Amino acid sequence: MPKSKWIAPPHTIAKHQIYAGYLTKWHLIFSRAKYRSWDRLRICDAFAGVGEYDDGRPGSPIIAMQTIAENRRSNPSACPVEFLFVEDEQEYYIRLKQNVESEQQKRPSAIWSCEVRYGDAETESRQFLAANKGTVTPTLFFLDQYGYSKAPMKLIRDVMQHEKHEAIVYVNW
């Protein structure tokens, strides 16, 4: 029996813990901004994978959804979030869509809007970025690629040129 790709190794578990901790603070800080001009926050996970590992451990999309849900439960005035999850492998995309829909059914819809797209991470990220042009809506890009070439530095630069936009970039080999 072949070993599954969707078992989280220890470094991935640690990375997800860091991501969840950062996301908790990021969401609450921007939700509580004294003179905020936005009514929502945006998160793009451009290399979303399947959303859940074979052992039931959540992947980054589910971690993000659970983190925002917990923040909203304990802080009802926290901003809702617009999510975009992108996957470029058809088989993974299908599983991701199922896992995200399953998680959505557990939570009130007022917490977020959520879209799962099958496509290229750079193209979809740029479309998400363009949809925000001319606004100051805090946006977080989670660029957790395998390797180093699928999230070009030009994309990261373009993200960072927007006010209140951030990128968490993970590169491994």
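Guide: Two residues are in contact here when they have heavy atoms within 4.5 Å of each other. The model is a predicted one.

Some setting comes before the detail. The chain has five helices and five strands, and from the N terminus on they run α-β-α-β-α-β-α-β-α-β. The C-alpha trace spans about 55 × 35 × 25 Å along its principal axes. A compact globule of 173 residues would have a radius of gyration near 16 Å, and the 15 Å of this chain therefore agrees with that. Of the 173 residues, 47% count as buried. When contacts between residues at least 6 apart in sequence are taken, 80% of them join residues at least 24 apart.

Now to the helices. Two packed helices are described by the angle between their axes and the distance between the axes. Helix 2 covers residues 60-74 and helix 3 covers residues 90-105; their axes come within 10 Å and cross at roughly 15°. Angles under 35 degrees count as roughly parallel, so helix 2 is roughly parallel to helix 3. The crossing of these two helices is right-handed. On the side of helix 2, the residues that meet helix 3 are Pro 61, Ile 62, Met 65 and Gln 66. Helix 3 brings Leu 96, Asn 99, Val 100, Glu 103 and Gln 104 to the contact. By class, this contact of helix 2 with helix 3 has five nonpolar, three polar and one charged residues.

Helix 2 also has helix 1 as a partner. The axes of helix 1, residues 10-31, and helix 2 come within 10 Å and cross at roughly 40°. This crossing, too, is right-handed. From helix 1 the contact takes His 16, Tyr 19, Ala 20, Leu 23, Thr 24, His 27 and Leu 28. From helix 2 it takes Ser 60, Ile 63, Ala 64, Thr 67, Ile 68, Asn 71 and Arg 72. Sorted by class, the contact of helix 1 with helix 2 has seven nonpolar, six polar and one charged residues.

Cys 114 is placed in strand 3, residues 112-118. Neighbours within four places in sequence left aside, Cys 114 is in contact with Met 65, Phe 83, Phe 85, Val 100 and Gln 104. Met 65 of helix 2, and Val 100 and Gln 104 of helix 3, also take part in the contact between those two helices. The C-alpha atom of Cys 114 is separated by 6.0 Å from that of Leu 84, 30 residues away along the chain. With a relative accessibility of 23%, Cys 114 counts as partly exposed.

Trp 38 has a relative accessible area of 9% and is buried. Its contacts, apart from neighbours within four places in sequence, are Phe 30, Ala 33, Cys 79, Val 136, Thr 137, Pro 138 and Lys 164. From Trp 38 to Ala 69 the chain counts 31 residues, and their C-alpha atoms are 19 Å apart.

Lys 164, one of the contacts of Trp 38, lies in the loop between helix 5 (153-160) and strand 5 (165-170). Most residues other than glycine have a negative phi. Lys 164, which is not a glycine, has a positive phi of about 65°.

Technical notes
Residues numbered from 1 in each chain as written. Predicted model: local features only at pLDDT ≥ 70, side-chain atom pairs only at ≥ 80, totals over all residues. Heavy atoms only, no water. Axes fitted to C-alpha atoms, helices over the stretch in contact; angles between N-to-C directions. Helix = DSSP H or I, 4+ residues; strand = E, 2+ residues; numbered from the N terminus. Parallel < 35°, antiparallel > 145°, perpendicular 65-115°, else oblique. Left-handed = near helix turned anticlockwise from the far one by under 90°. Nonpolar A, V, L, I, M, F, W, Y, C, P; charged D, E, K, R; others polar. Rg over C-alpha atoms; globule rule 2.2 N^0.38 Å. Buried < 20%, exposed > 50% of the residue type's maximum accessible area, 1.4 Å probe, protein only.
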